[in-house]
Amino acid sequence: MKLKQYSLSYISEQFITYHDEFKQLYILTYEILSKLEVDFLEMEIERALATTTFVTIIDKNFIFLNNYILAIFCKRQIEQVTDKQVHCIYVNNNESPEFHRLEIIFYELINILNRAIRYQENLNYYNIHQELKTALTTKQCQYLFNLNSYTILLFCRHMNIHKKTYDNARNESKKSEKYNA
């Protein structure tokens, strides 16, 4: 393993590979990031830049082994930070440590959701839970939680909220649906 430094503009020009099995989680992450306010995104970019990032390059594909949020930011090519430097640990493919990518992707997404929901009023716990339930397959839920689905109580634990807060968000969402219909 070697420590390397890349600029965001260099990384964003590379072909960043995503694992097909987690495609729905990437899509959900991208959709949620597109709903976030610019100042919150800037804070998240800084947080992602400060995180140790493990990368490998296989057949000219730049593969993030963690810090998927940064990978998504790179593909969005946010102009205001392309001059920033990313400190990466380059992992040679044949000496690659075991990375549980599903866990890493999922919990990175949970962490950013947790901060985003508290930061922005237009994000709703109920709606986010529904989107996560749709994105996660039964096989992924089995692997992550030993359950067949992503339950409300587990979601509440991940978000560090009471079920009553979730119920209030659900009621608010249902009222909003009736109002918009």
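Which residues of helix 6 are buried?

1. In this helix, which spans residues 125–135, the buried residues are Y125, Y126, I128, H129, L132 and A135. Buried means under 20% relative accessible area, with a 1.4 Å probe and protein chains only. Helices are DSSP runs (H or I, at least four residues), numbered from the N terminus.

2. The model is predicted, so local features need pLDDT of at least 70 and side-chain atom pairs pLDDT 80 or more, whereas totals for chains, interfaces and linings use all residues. Residues are numbered from 1 along each chain as its sequence is written, and side-chain values use heavy atoms, without hydrogens and water.

3. At the start of helix 6, the backbone nitrogen of Y126 lies within 2.7 Å of a side-chain oxygen of N124.

4. Helix 6 packs against helix 8 (residues 152–159) at an angle of about 115°, and their axes are 11 Å apart. The axes are lines fitted to C-alpha atoms over the stretch in contact, and angles run from 0 to 180 degrees between N-to-C directions. Helix 6 contributes Y125, I128, H129 and L132 to the contact (heavy atoms within 4.5 Å), and helix 8 contributes I152, F155 and M159. Six of these residues are nonpolar, one is polar and none is charged.

5. Zero disulfides (pairs of cysteine sulfur atoms within 2.5 Å) are found in a search of the whole structure. The closest cysteine sulfur to that of C156 is in C141, 15 Å away, which is too far for a bond. C156 counts as buried because its relative accessibility is 3%. C88, at 0% relative accessibility, also counts as buried.

Conventions:
Buried < 20%, exposed > 50% of the residue type's maximum accessible area, 1.4 Å probe, protein only. Helix = DSSP H or I, 4+ residues; strand = E, 2+ residues; numbered from the N terminus. Polar contact = N/O pair within 3.5 Å; in protein donor to acceptor, adjacent residues only side chain to side chain. Nonpolar A, V, L, I, M, F, W, Y, C, P; charged D, E, K, R; others polar.
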